[in-house]
Amino acid sequence: MAEFLELEAQDGVRMAWNVVPGTKQEAGNCVVPVSAIYTPIKPFPNMPLLPYAPLRCRNCRSVLNPFSIVDFAAKIWICPFCFQRNHFPPHYASISDENLPAELFPQYTTIEYQSPGEGSSLPPVFMFVLDTSIIEEEMTFLKSALSQAIGLLPENSLVGLITFGTLVHVHELGFGTMPKTYVFKGSKDVSKDQLLEQMSFFLNKPRPATGVIAGARDGLSSESISRFLLPASECEFALNSVLEELSKDPWPVPVEQRATRCTSTALSIAASLLGACVPGSGARIMAFIGGPSTEGPGAIVSKNLSEPIRSHKDLDKDSALHYHKAVKFYEALAKQLVHQGHVLDLFACALDQVGVAELKVAVERTGGLVVLAESFGHSVFKDSLKRVFQSGDKDLGLSSNGIFEINCSKDIKVQGILGPCASLEKKGPLCSDTIVGQGSTSAWKMCGLDQSTSLCLIFEIVKKDIPDTTVQSTGNQFYFQFLTYYQHSSGEMRLRVTTLSRRWVAGPGSVQDLIPGFDQEAAAVVMARLVSFKMEIEAEFDPIRWLDKALIHICSRFGNYQKESPSSFSLSPRFSIFPQFIFNLRRSQFVQVFNNSPDETAYFRMILNRENVTNSVVMIQPSLISYSFQSAPEPALLDVASIAADKILLLDSYFTIVIFHGSTIAQWRKAGYHNQPEHQTFAQLLQAPRDDADAIIKERFPVPRLVICDQHGSQARFLLAKLNPSATYNSDSHSGGDIIFTDDVSFEVFLDHLQRLAVQ
Ligand SMILES: [Zn+2]
């Protein structure tokens with residue numbers, strides 16, 4: 001494990017197979033695809049930032065890297081991807097093996113270039129889109145959270161405001177002291193031209209040929225733009241006074257009806273306005289939505305309360321009335337935003353579903369942030385919003401205008417990316433015919449990306465077979481190069497280059513060579529993204545069957561056993577926790593979707609699809625720590641047997657953190673022992689998990705929900721749902737254990753079956 005973490009600390013990459021199965025057939029037998037989870041702009045304090053442009057191979061355009069073979073005498077470098085010989089330009093004349101440029105240092109496989117003169121002065125743009133069809137109390141929470149956020153905006157950023165309910169209001173913030181708004185009907189989609197017309201951008205003047213700043217393409221002058229997008233430093237007062245005056249949607253809502261809420265029309269207007277004003281610059285639409293969309297092309301349910309909001313059952317039976325129409329609308333919006341280079345962030349705060357499942361495509365393709373909470377007053381929302389604008393060491397590192405490209409050795413093709421990006425449809429020899437996620441391209445747009453954004457790349461090995469002579473040679477290397485152009489949060493354009501080399505093996509005996517290179521955590525995360533993706537796009541897909549088949553296949557290929565003898569079965573340490581990961585993945589929110597709403601499922605998957613391996617593993621298999629008087633805090637088995645009356649448990653399931661007091665601990669706490677000076681150690685025992693939970697919460701975005709509960713209390717279900725139900729099967733052996741009445745199998749039974757099937 002440790003060496004995979006070291007590789008990640010150097011390059012921001014984890015691969016399921018670090019020794020690569022070298023032929024198509026061999027890779028197929030490995031079940032888990034050759035794949036990488038890559039964090040393109042992971043911060044590395046010691047990474048060099050080169051103040052010049054990269055050297056590129058004149059044939060394949062890949063960038064000079066430590067794996068290039070250099071002939072110092074002839075001043076030539078050979079590209080490891082296409083073997084092209086390239087001459088060094090004159091300014092590399094002094095190069096020698098004692099005088100290497102940084103990009104050839106063996107340890108700088110990940111490096112960044114900052115091209116001089118390319119620094120952009122474009123300010124970041126925030127377009128706030130506010131739902132006002134919410135109750136007064138929520139309105140108050142939302143306003144207070146926003147005015148706090150406005151205070152944290154970067155001074156140079158531009159800010160705009162749109163509010164919506166029955167109608168859409170575009171606020172003209174630059175109109176001096178008189179508040180002015182443009183009103184649009186919520187039921188009808190407005191085209192960009194209609195929008196420009198109605199907002200009288202060209203009133204009494206001809207369409208100017210050129211603009212001053214980024215709106216030039218549409219001929220908008222900076223004067224027009226500054227009516228709607230004002231520098232944060234100038235508009236704080238205007239924005240706050242608009243917010244102060246803002247009240248909930250005034251239109252009456254009949255008792256048997258839902259409020260009118262034209263979410264899609266508002267978002268469409270926001271997108272068109274940004275498209276007209278600041279195309280190509282790093283702009284974010286931040287949507288704050290407090291209930292289901294009931295009007296316009298993106299409506300998810302009718303206003304009639306007798307019609308329930310779609311459930312997973314409805315989606316499964318394809319009987320959700322509005323679903324396809326809404327998704328189609330948001331797909332088109334995603335396309336528009338990607339074209340403009342803009343991001344959609346979603347803050348969905350309601351007890352009801354609001355349509356996250358439908359909006360998912362637009363958020364994910366543009367690399368937007370998503371936060372789901374019960375209320376605008378909940379800490380999950382309030383603290384997450386603060387984190388977005390917080391600077392300092394907890395900075396999210398929001399960046400924009402990213403383009404991600406890859407190069408690979410010629411025996412490798414790319415099936416696609418599962419993660420927050422959009423295909424740029426750059427087809428070429430690198431593209432596989434099999435498409436997974438955003439595929440059929442070797443370049444992707446990442447409108448928004450941050451320090452933790454992690455892409456999952458799925459590769460295909462195309463080499464058919466290999467001549468005997470090369471088998472088992474140690475010189476068999478595959479190369480991968482990841483290029484990320486992006487606008488750094490400082491405003492300047494950067495290029496991050498990561499070049500990787502991995503040994504490949506094939507032929508007899510190669511199974512033994514593959515084992516040490518297997519990263520079971522990365523593999524589990526790849527399988528989690530894949531199974532979620534397949535559940536969304538393949539009709540009749542059976543995730544449990546698919547996962548079980550994959551696991552059995554892996555175990556029979558890489559396990560040690562005598563045929564037909566389950567008791568002889570064992571796995572190397574490299575594979576030993578993989579069955580447990582798959583067991584927990586089967587029981588997770590990603591696969592057991594019927595325990596959640598479609599909005600929740602979409603939310604969980606969007607976060608899974610953008611997080612790194614370590615965080616994703618926690619989502620699949622929560623961590624459990626036990627606190628007691630007998631010992632220091634220690635990891636506990638994710639099993640009901642870990643529950644004890646005199647222990648406190650801290651469960652981290654990523655989205656939720658649970659502090660669970662055993663019944664005796666709970667009694668003592670209720671009796672107030674921790675407040676008595678002679679019971680200081682008890683007070684410390686109570687406090688320790690609180691401190692550890694706080695440390696996790698501070699690091700994480702979105703901020704997780706904290707549940708504090710007692711054994712036998714109703715909230716204890718948040719813990720019990722995540723524990724292995726071992727006691728269902730051997731209920732007498734664990735005193736103090738809580739029995740889960742469930743029909744899913746325990747891990748012991750699962751492992752038993754697995755061993756029997758693997759040795760067949
Ligand atoms: Zn080349």
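Two strands pair if DSSP finds at least two bridges between them, and strands (E, at least two residues) and helices (H or I, at least four) are DSSP runs, numbered from the N terminus. The model is predicted, so local features need pLDDT of at least 70 and side-chain atom pairs pLDDT 80 or more, whereas totals for chains, interfaces and linings use all residues. Residues are numbered from 1 along each chain as its sequence is written, and side-chain values use heavy atoms, without hydrogens and water.

**View A. An open sheet of five strands.** The order is E25-E24-E26-E27-E28, with mixed pairing. Strand E25 (634-635) and strand E28 (705-710) are the edges, each pairing on one side only. Strand E27 (residues 656-661) joins E28 in the parallel sense over six bridges. Opposite Asp 710 in E28 stands His 661.

View B. Cys 79 is buried, at 0% relative accessible area, while Cys 60 is partly exposed at 23% (buried: under 20%; exposed: over 50%; partly exposed: in between; 1.4 Å probe, protein chains only).

**View C. Asp 599 in helix H16 (residues 598-608).** Asp 599 counts as buried, with 2% relative accessibility. Beyond its neighbours within four places in sequence, its contacts (heavy atoms within 4.5 Å) include Arg 310, Gln 353 and Leu 372.
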